Amino acid sequence: MVRITEDMIRKRSEHNECEIYSLEELSLHQHDIDKIEYLQNWCKQLQILYLQNNLITKLENLGKLKKLEYLNLALNNVERIENLEGCESLKKIDLTVNFVGELTTVDSLKANIFLEELYLVGNPCANFDGYREYVYATLPQLKKLDGQEIEKSQRIKALQEYGDIREKILDQEAIHKIKRKEQLNQNKEKLECQNTKNKDEMTEEEKRIEEEEFWKEESEYTPESRTEMQNRIRENKNKSTPSRFEQKKEKRKIRFFNDAGNPLNVNQAKIEFSLKESDDDCSLLLDVACYKYMDTSLIDLDVQPWYARVTIKDKFMQVALNEEVKPDSCVAQRSQITGHLLVTMPKLNPPEKRKPPVSSDRKPEKKKEAGDDKSNFLEVNEEKKSIIEGLANIAKSDVANRHVRKPVKAKQPEPEVYDDDNPEVPPLI
């Protein structure tokens, strides 16, 4: 049998952001539930509750649902109407196709002053002589019975004949109880016969034949026969497809490498990141946008020559690298302001540094003469002198070695020669 669980309710409360304490409407139909439990403690704000097409045999654990207005228990195994006095706001009850044989149990609904609609069609009590008149007289607040409006004349007539109608109902209830006991005895005998057969020892062919005989056999429609049918249906269904609430979804396996062994890019954590080269092209910089207030102990880093993997709260993010790096020389830093993780990964084969080009304007250095062995720098074995004396000696040597330019004599202007025969020269007066 299936029991009501918190996980089941949360999956049915997606429209309420999976919050069950403020849930106002809940549908738990077709789950083979055999008992109502926990709802009055977990979902106290419920106004509408759907429990149709289950195997519920008793109305219980609903008294604390003070705001409940509509209760649907159609297609169940309920035999008595009880334990609903605490549902003060109840307006509509649907007990269609159940096994209510004690019609006098509707007396417990007198306390539900707001009750307007009641559905009992498909129950044994609906076949009783005087069924409708008894309900009219017992529940004066009721406006509809089995979808039909109740007229004032019908209620007045039912109240006038209430005594006689009640006696008829009690007699028919007694007959129903005797019939019900016979059904229970027959069911016990049937169970004893089934227990003698060990299904584990039966072959597949025998099981198939036994299954066919069960569905061909004629039987009364009782709570026990309905329960057995539902159990067989569920067993056959579970063989092929388990229930969606019991079936565990297999997690998708994450592939970090392809068939050739090359690393793949994976971002299961769905977190932003960037991968770029440093300014000197000697390192790769991986910037992972980790959550600002996440504890660093929840972050794990694994750097390999051809990939870097970051694990954030058991979720992976892997980046394939296009160049080989040196894992032992990597440095990881976490920003205290943004929370980002910066990983510096030095390249295994960084590009060679280019030498700066030599300028063409640079003059070649003069070769030292053979006799010029004297150095302008202090020697290691030289006696210690004061800094002032050392600077003075350097200055003197610079003056001595300086090339003195020879003075250049200025050329005297040549005297002008005048030609007397030149016709352009004017004659002397």
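Of the 429 residues in the protein, 33% are buried (under 20% relative accessible area with a 1.4 Å probe, protein chains only). The model is predicted, so local features need pLDDT of at least 70 and side-chain atom pairs count only at pLDDT 80 or more, while totals for chains, interfaces and linings use all residues. Residues are numbered from 1 along each chain as its sequence is written, and side-chain values use heavy atoms, with hydrogens and water left out.

**Overall make-up**
- The protein contains eight helices and 15 strands, which are DSSP runs (H or I, at least four residues, for helices; E, at least two, for strands) numbered from the N terminus.

- Beyond its neighbours within four places in sequence, leucine 84 is in contact (heavy atoms within 4.5 Å) with Leu59, Leu62, Leu71, Leu90, Ile93, Leu109 and Asn112.

**Arginine 155**
- Arginine 155 lies in helix H4 (residues 152–160).
- This arginine is buried yet has no salt bridge, and glutamate 151, the nearest side chain of opposite charge, is 10 Å away; a salt bridge requires a side-chain nitrogen of Lys or Arg within 4 Å of a carboxyl oxygen of Asp or Glu.
- A polar atom of the arginine 155 side chain lies 3.3 Å from the backbone oxygen of tyrosine 136.

How values were computed. Buried < 20%, exposed > 50% of the residue type's maximum accessible area, 1.4 Å probe, protein only. Lys, Arg positive; Asp, Glu negative; His and termini not counted. Polar contact = N/O pair within 3.5 Å; in protein donor to acceptor, adjacent residues only side chain to side chain.
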